[in-house]
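This report goes through one protein model, part by part. Look at the sequence and the structure first, then read on.

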Amino acid sequence: QASFLDLNLKDFFDENEEDEVPEEKEDLPELMWPYYCIPIMYPGAQNGLDYLLRRGIPPGIAAAYKIRYSPQNRAVVFPVYVKEALLGWQYRTIDQTKFLVDDTLRETAKAWSSPNLPRDKVFMFSNRLIGAKSAVLTEGPIDCLKCDKVGGNVCAMGKSISSTHIATLLRSGIKDIYAGLDPDAFAELDPLMSKLGNDINLYHVQVPNIKGKKADLGELSMEEAYKTVMNSPKMNKKQLYVWMDSSFFGATGVE
């Protein structure tokens, strides 16, 4: 004989975790752009625009997402807005980051953030959730921009999806969410599915290997990213099957 139990495993392992969704996001300080961060379509931002083009991001998309360029840092600047409030930004260098020095490979930072960027409290490009029918969760800004055709594309600025991120998604009313995290972030998927609850459909975006190596959404064209996301398989919650033989039922008096 067999008994079927539909259990949420986090009830055993995360006893102290709060299940309630915060009602409102805390107030976060608004910032102003530094003078050296200029809109991407300005003449002085041509180097940044060229970098984005090499990464498969056309000028129209770059302008729509309010991307900027810092000639001082030689870096593209990705903004973090919530509605009209600027809460911070991330830099991405346009220069080479790996150098061979005295037969030793040295690497400089390719990305860095503005001070006190609240990455665990907001999504980059969070305004894309407004009116969207579905959402795409990505780690980095280039991955996120490649999913423009899908809509609802937001960047978590890392592998971790916080409780505030979850609350933002739930408040948006979106029912279909595509997890486009990098290949090494698979450990985040099961907790994410549990936190989202039973009313959300979660899909696992699986980017095909490129030249035999694992790839991410940022390495695809925008059309390839759209097809990859839309063909993502749906994830199902884990269920626990408990098999019991007749001796168990006889010993416990269960019929």
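Helices α5 and α6 cross in a right-handed sense. The structure described here is a predicted model. Helix α5 covers residues 163-172 and helix α6 covers residues 189-196. Their axes are 10 Å apart and meet at an angle of about 50 degrees. That angle makes α5 oblique to α6.

Which residues bring the two helices together? On the α5 side they are Ile166, Leu169 and Leu170, and on the α6 side they are Leu192, Lys195 and Leu196.

## The sheet

An open sheet is built from 5 strands, with antiparallel pairing. The order across the sheet is β2-β3-β4-β5-β8. Strands β2 (38-39) and β8 (111-113) are at the edges; each has a single partner strand, so one side of each has no neighbour in the sheet. Strands of a sheet pair through backbone hydrogen bonds, in either a parallel or an antiparallel way.

In one of the pairings, arginine 92 has alanine 111 of β8 as its bridge partner.

A helix also lies across part of the sheet. Helix α2 (residues 46-54) lies across β3 (68-70), β4 (75-82) and β5. The angle between α2 and β4 is about 85 degrees.

How many disulfides does the structure hold? The count is 0. For cysteine 147, the closest cysteine sulfur belongs to cysteine 144, and the distance of 6.7 Å is too far for a bond. A disulfide needs the two sulfur atoms to be within 2.5 Å.

Cysteine 155 is likewise in no disulfide. Its nearest cysteine sulfur is that of cysteine 144, 5.7 Å away.

Are these residues buried or exposed? Cysteine 147 is buried, because its relative accessibility is 0%. Cysteine 155 is buried too, with a relative accessible area of 0%.

## Methionine 222

Methionine 222 is part of helix α7, which covers residues 222-230. With a relative accessibility of 12%, methionine 222 counts as buried, because the cut-off for buried is under 20%.

What does methionine 222 contact, apart from its neighbours within four places in sequence? The contacts are Gly56, Pro58, Ile61, Leu145, Lys146, Asp148 and Lys149. Aspartate 143 is 79 residues from methionine 222 in sequence, while their C-alpha atoms are 9.5 Å apart in space.

Technical notes:
Residues numbered from 1 in each chain as written. Predicted model: local features only at pLDDT ≥ 70, side-chain atom pairs only at ≥ 80, totals over all residues. Heavy atoms only, no water. Buried < 20%, exposed > 50% of the residue type's maximum accessible area, 1.4 Å probe, protein only. Pairing = 2+ DSSP bridges. Helix = DSSP H or I, 4+ residues; strand = E, 2+ residues; numbered from the N terminus. Contact = heavy atoms within 4.5 Å. Axes fitted to C-alpha atoms, helices over the stretch in contact; angles between N-to-C directions. Parallel < 35°, antiparallel > 145°, perpendicular 65-115°, else oblique. Left-handed = near helix turned anticlockwise from the far one by under 90°.
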